[in-house]
Amino acid sequence: MQGIRTVNRALSSVLTLVGLIGAFVLMSAAPARAGENTFVEVTPNSAQAGSRVTIQAKCDNDNNSRQASVHSDAFGSVTLRPDKGFLTAQASIPRDKQAGDYPVDLRCENGQSASTTLTVLNMASPSKGPATGGGGTAGGRGAGSLLVLGGVALVGTAIALGMAGGRRRTGAGS
């Protein structure tokens, strides 16, 4: 019985940790807010150099029927136009843009402003496909292999503890 309780506690701890990590990820992706209804967001907020991003904003004015502008060193200046109650545009990040965090600043015609951050990634593209094949032909172990092995070890330990705790000891007086 003790082994089952141990397994339940371990499982509960793992699920709690996963939930906390998920909450952190969701909270970090929120748009930057300036006024009551003024914000700007860039999707995706982490993008590879050479890709396009979508910018969506709100300027706290009559249904966003006017234009606004956004500026960032990541892509320059862009004019946002009304689209279904929001102000939207797309921007291209140059292929040679240095990796880093770039502020994205919204300027509304009514004087409101907001800002957020765009993370530019500049990962080298592989010149050929990955070294995959019949199992043993790929070179080295990646993080995925270590995670799988760790998971298997964790499950095996939990089963062993459950079995050890589930056995009843027989004594001379029973």
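Now, some housekeeping. What you see is a predicted model, where local features need pLDDT of at least 70, side-chain atom pairs count only at pLDDT 80 or more, and totals for chains, interfaces and linings use all residues. Residues are numbered from 1 along each chain as its sequence is written, and side-chain values use heavy atoms, with hydrogens and water left out.

On confidence: pLDDT is the predictor's own confidence in each residue, from 0 to 100. The protein averages 75, with 60% of its residues at 70 or more. Where does pLDDT stay under 50? That's residues 17-34, and the model gives them 15 contacts beyond four places in sequence. By contact I mean heavy atoms within 4.5 Å.

Next, the layout. We have two helices and nine strands. These are DSSP runs, numbered from the N terminus: helices are H or I with at least four residues, strands are E with at least two. Walking from the N terminus, you go α-β-β-β-β-β-β-β-β-β-α. Of the protein's 174 residues, 20% count as buried, and the protein exposes about 12000 Å², with carbon and sulfur atoms supplying 57% of that. If you take contacts between residues at least 6 apart in sequence, 54% of them join residues at least 24 apart.

Let's zoom in on Ala-74. You'll find Ala-74 in the loop between strand 5 (68-72) and strand 6 (76-83). Is Ala-74 buried or exposed? Buried, because its relative accessible area is 1%. Which residues is Ala-74 in contact with, leaving aside neighbours within four places in sequence? Ile-93, Pro-94, Lys-97, Tyr-102, Leu-118 and Val-120. Take Val-120: from Ala-74 that's 46 residues along the sequence, yet 7.4 Å in space, C-alpha to C-alpha.

Last stop, the disulfide, meaning a pair of cysteine sulfur atoms within 2.5 Å. The structure holds one, joining Cys-59 to Cys-108 with S to S at 1.9 Å. Cys-59 sits in strand 4 (residues 52-59) and Cys-108 in strand 8 (residues 100-108), so the pair ties together parts 49 residues apart in sequence. The link is left-handed, at -80 degrees about the S-S bond, and both Cys-59 and Cys-108 are buried.

Technical notes:
Buried < 20%, exposed > 50% of the residue type's maximum accessible area, 1.4 Å probe, protein only. Areas by Shrake-Rupley, 256 points an atom, 1.4 Å probe, with all protein chains shown as cover.
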